[in-house]
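Let's take a walk through this model together. Have the sequence and the 3D view side by side, and follow along as we go.

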Amino acid sequence: MALLFPSAPNKAGLPPAPEPLSVPAASLWRQSLHRLRSNRMAMLGCAFLIFIALFCLLGPLFSPYSSGLVNTGQIKAPPSASHWLGTDQLGRDILTRLMQAGRISITVGLASMTLSVVIGAALGIAAGYYRRGVDQVVMRTADVLMTIPELPLLFIMAAVLSELKVPADYRLYIVMLLLSLVGWPGLARMVRSEVLSLRERPFMLAAEALGLRDRRKLFKHLLPNIMPLLLVAATLRVGGAIIGESTLSYFGLGVVPPTPSWGNMIDAANSLIDFQRRPWLWVPPGLAIFVTVISINLLGDGLRDALDPKRKRR
């Protein structure tokens, strides 16, 4: 910042008007990052997510029970020094399977989120920019999908796949596809409304007057302006996808054993005796789902507040 020194007075005896200070303006992303860091709840959620990621990715590497061998002498054993969270109905270490299941559940959440965001953003931008026939086709398709409750639709589609005897190795990829197919309509509607608003902004009118190609206007002007919306929607979508996968797996329509997921681990406590007397079978995966989804929502709320231009400090 340049320092200003008073100059000699003019002929009228009045001091000269001060020159404007040249203050380098911080970038929008830097300001948003600063606001995000000042949000304690968002930082708490981010810290929990980092811990969960390291717990699931690196934890099995240090566990002596990573092979998942059946141990009939330790079936449904309570927590002990050798098994900190006890064992399941096949004598496998629950802590190790909890870490391995976290890999599956988080992978499903991230993959389905990515696919739904790509589909929803592409269709929403096309509908908002081209309008007319493209808008009608995309929005009417989204309206039809949004009128059907998401959970029953997932149950029906997963049950059909089960009847078709889809191999368990492909079930994981099918669950990702199902979750992404039911997740894009809401995002497409939000993106479309934002694009319709951006079309009337001066910078888009100037791009239209300059005769720029549609590709340049879409990727250089519209997409960067809707990126904050996509980041927030993507963050919140991960939590919904994890819950959706856990629900399907709990009812036996998602990831099937022996591949572990947090949903089918809760399904292990399918009797009243296990539910009442063996809480180590279902409490750890249930708590993992709860903490992960809450942390994602806290981070998503923090991103929404940080990237909202109306919250910019003056």
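How much helix and how much strand does the chain have over residues 280–303, and how many Å apart are the end C-alpha atoms? This stretch is 88% helix and 0% strand, and its end C-alpha atoms lie 35 Å apart. Bear in mind as you look that this is a predicted model.

Turn to residues 41–62, and you will find 82% helix and 0% strand, with 31 Å between the end C-alpha atoms.

Now step back to the protein chain as a whole. Its secondary structure comes to 11 helices and 0 strands. Of its 314 residues, 38% count as buried. The chain exposes about 18700 Å², and 66% of that is supplied by carbon and sulfur atoms. Among contacts with a separation of 6 or more, 70% are between residues 24 or more positions apart.

After H3 comes arginine 131, with a positive phi near 55°.

Within H3 you can pick out alanine 126. Leaving aside residues up to four places away in sequence, alanine 126 touches Arg131 and Val134. Alanine 126 and valine 138 are 12 residues apart in sequence, and their C-alpha atoms are 8.6 Å apart in space.

Confidence is highest in helix H2 (residues 40–58), at a mean of 91, and lowest in helix H5 (residues 150–163), at 77. Over residues 1–7 the pLDDT is below 50, and this stretch has 7 contacts in the model beyond near neighbours in sequence. Residues 19–25 also have a pLDDT below 50, with 6 contacts beyond near neighbours in sequence. Where pLDDT is low, the predicted coordinates should not be read in detail.

Conventions: Residues are numbered from 1 along each chain as its sequence is written. This is a predicted model: local features need pLDDT of at least 70, side-chain atom pairs count only at pLDDT 80 or more; totals for chains, interfaces and linings use all residues. Side-chain values use heavy atoms; hydrogens and water are left out. Helices (H or I, at least four residues) and strands (E, at least two) are DSSP runs, numbered from the N terminus. Contact means heavy atoms within 4.5 Å. pLDDT is the predictor's confidence in each residue, from 0 to 100. Buried means under 20% relative accessible area, exposed over 50%, partly exposed in between (1.4 Å probe, protein chains only). Accessible areas come from the Shrake-Rupley method with a 1.4 Å probe; for residues, only the protein chains shown count as cover.
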